[in-house]
Amino acid sequence: LIVQREDDEYLDWFWSVLGELDDEKKTKFVVFVTASDRAPLGGWRDCRLIVQRSGREERRDCLPASFTCMSMLMLPRYETRAKLRSKLLQAIESSEGFGLQ
């Protein structure tokens, strides 16, 4: 695993934004990334999340995306923490998952 120094702060922004979300938005985030609002059989400690920086530097207005089969979050590198928060919330609020009830 190679982590560039500028990614340290960026990932810190992501984790702090995620930590600030209320329980309802955290559940929506889990659905966005995994397509399920249920904990894994072994509990949340068995839930593995991959955060991958995505997009080109000049395309920083894209929303985050996810590959639910791999619990992978594709997170563009936004210029500010506030923009990261705004785009992440927009993505999870707009997510439908599989829409199964």
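Let me start at the hairpin of S2 and S3, where 4 residues lie between the strands and serine 71 takes a positive phi near 50°; strands here are DSSP runs of E with at least two residues, and helices are runs of H or I with at least four, numbered from the N terminus. This is a predicted model, in which local features need pLDDT of at least 70 and side-chain atom pairs count only at pLDDT 80 or more, while totals for chains, interfaces and linings use all residues. Residues are numbered from 1 along each chain as its sequence is written, and side-chain values use heavy atoms, with hydrogens and water left out.

Strand S2, residues 65–67, pairs with S3 in the antiparallel sense over 3 bridges, where pairing requires that DSSP finds at least two bridges between two strands. Strand S1, residues 50–54, pairs with S3 in the parallel sense over 5 bridges. Methionine 74 of S3 is the bridge partner of glutamine 52, and alanine 65 stands opposite methionine 74 as well.

Turning to helix H2, residues 23–34, the buried residues are Phe29, Val30, Phe32 and Val33. They lie on the same side of H2 because they cover an arc of only 160° around the axis, taken from the directions from the helix axis to the C-beta atoms. On the other side of H2, Asp23 and Glu24 are exposed.

Methods. Buried means under 20% relative accessible area, exposed over 50%, partly exposed in between (1.4 Å probe, protein chains only).
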